[in-house]
Amino acid sequence: MLAPRMTWYTGDPTYDTVLALALGFAALVALTAPFVASPYGRFASDKFGLALDPRLGWFLMELPATVSFLYFFFRGPHHADTVPLVFLCIWLVHYGNRGFYFPLSIRSPHGARASFSLMVIAVGWLVTGMHGYLHAAFFTSHATHYTSAWLCDPRFLIGLPIYAVSLALNIHSDAIVRGLRSRDEVALGERVYRIPRGGLFRWVSSPSYLTELTAWAGLALCTWSLAGVFIFAVSAANLVPRALSTHRWYRERFPDYPRERRALIPFLM
Ligand SMILES: NC(=O)c1ccc[n+]([C@@H]2O[C@H](COP(=O)([O-])OP(=O)(O)OC[C@H]3O[C@@H](n4cnc5c(N)ncnc54)[C@H](OP(=O)(O)O)[C@@H]3O)[C@@H](O)[C@H]2O)c1
């Protein structure tokens, strides 16, 4: 039997049903993620079956966020309006980095064991596919507040810089991690891990996660949408426990790990 379709947010039953399922999925992730670390990178595990090279894994996992976004964006009647076009630019910058530059620049040791589980890609597709659809359809089909006055609204004016500064710091933190392995080590197939230093690593072990979350919070504010709430919530559900596990992992692996460094939030957690 088909689940009943809802009209509780935009009035479009398909959109509102997907949004409800997406928010429910974020709650499910919040309940399960503290007990099962996503099997990729330092927490890769053979228990979850087939795995791919991380460059391919990341690329495939993030691809639906670009493809579904562009498809639904240009189907919407408002795709040529100013505010949706501003959000299109943000999306292209964001997923130009996360979907293409980041995966393709990963320094994965040549010939090393594949570590990016297919299960992560499958679950990731659900998230990135819904994320692209929910944002794009909202931007060009359902939002009623994106008149040009929105560009002067305090929610847009506060949310946009939060998003932009967070994205810049996220890219910087990812670059510090990338620089921890030399190209020679990669060519020799050595999977070395080092203590990251500098930038926001002075304060926390997972600045990429912290800035990922503040970026999505900024986007949710400047788009004023439940699609933004969804991507913030599902990311927080996933990344908060992973940041705590990553912090423990660093402390166990490196006896000289900086004691004052916190897991995710400077001075607090
Ligand atoms: N929105 C979301 O829900 C979400 C979810 C996950 C990630 N992300 C974002 O994606 C980006 C990457 O996430 P991640 O850190 O979880 O990816 P990751 O795959 O664990 O790390 C990225 C790369 O850095 C290497 N690396 C990590 N720590 C290292 C160290 N101490 N020394 C040397 N190399 C190291 C990894 O090598 P190995 O593969 O060999 O371990 C991998 O090649 C972040 O910006 C994050 O915010 C977002």
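Here is a quick tour of this structure, from the whole fold down to a few single residues. Keep in mind that the model is predicted. The protein has eight helices and two strands, and along the sequence they come in the order α-β-α-α-β-α-α-α-α-α. Its radius of gyration is 19 Å, which agrees with the value near 18 Å that a compact globule of 269 residues would have.

**Overall build**

- Taken along the principal axes, the C-alpha atoms fill a box of roughly 55 × 45 × 35 Å.
- Buried residues make up 38% of the 269 in the protein.
- If you look at contacts with a separation of 6 or more, 80% of them link residues 24 or more positions apart.

**Helices H1 and H8**

- Helix H1 covers residues 13-32 and helix H8 covers residues 226-253; their axes come within 8 Å and cross at roughly 15°.
- That angle is under 35 degrees, so H1 and H8 count as roughly parallel to each other.
- Their crossing is left-handed.
- The contact between H1 and H8 is made up of twelve nonpolar residues, one polar and no charged.
- On the H1 side you'll find Leu 19, Ala 22, Leu 23, Phe 25, Ala 26, Val 29 and Ala 30.
- Facing them from H8 are Leu 226, Phe 230, Ala 233, Val 234, Ala 237 and Asn 238.

**Helices H5 and H7**

- Helix H5 (residues 154-178) packs against helix H7 (residues 207-223) with the axes 7 Å apart, at an angle of about 160°.
- An angle over 145 degrees counts as roughly antiparallel, and that is why H5 is described as roughly antiparallel to H7.
- The crossing of H5 and H7 is left-handed.
- Here the contact residues divide into 13 nonpolar, eight polar and three charged.

**Gly 124 in H4**

- Gly 124 sits in helix H4, which spans residues 118-142.
- The glycine counts as buried because it has 22 C-beta neighbours inside 10 Å, and the cut-off for buried is 20 or more.
- Gly 11 is 113 residues away from Gly 124 along the chain, and the C-alpha atoms of the two are separated by 27 Å.

**His 247 in H8**

- His 247 belongs to helix H8.
- With 19 other C-beta atoms within 10 Å, His 247 is partly exposed; buried would take 20 or more.
- Setting aside neighbours within four places in sequence, His 247 is in contact with Ser 205 and Ala 263.
- Arg 261 lies 14 residues from His 247 along the chain, with 8.9 Å between their C-alpha atoms.

**Two residues with positive phi**

- Trp 224 is in the loop between H7 and H8, and its phi is near 50°, a positive value in a residue other than glycine.
- Trp 224 counts as partly exposed, as it has 17 C-beta neighbours inside 10 Å.
- Phe 267 is found in the segment after H8; phi is near 70° for Phe 267, again positive in a residue other than glycine.

Note on methods
Residues are numbered from 1 along each chain as its sequence is written. This is a predicted model: local features need pLDDT of at least 70, side-chain atom pairs count only at pLDDT 80 or more; totals for chains, interfaces and linings use all residues. Helices (H or I, at least four residues) and strands (E, at least two) are DSSP runs, numbered from the N terminus. A residue is buried if 20 or more other C-beta atoms lie within 10 Å of its own, exposed if 12 or fewer, and partly exposed in between; C-beta atoms are placed from the backbone. Axes are lines fitted to C-alpha atoms, for helices over the stretch in contact, and angles run from 0 to 180 degrees between N-to-C directions. Angles under 35 degrees count as roughly parallel, over 145 as roughly antiparallel, 65 to 115 as roughly perpendicular and the rest as oblique. A crossing is left-handed if the near helix is turned anticlockwise from the far one by less than a right angle, and right-handed if clockwise. Ala, Val, Leu, Ile, Met, Phe, Trp, Tyr, Cys and Pro count as nonpolar, Asp, Glu, Lys and Arg as charged, and the others, Gly among them, as polar. The radius of gyration is taken over C-alpha atoms; the globule rule is 2.2 Å times the number of residues to the power 0.38. Two residues are in contact if their C-beta atoms, placed from the backbone, lie within 7 Å.
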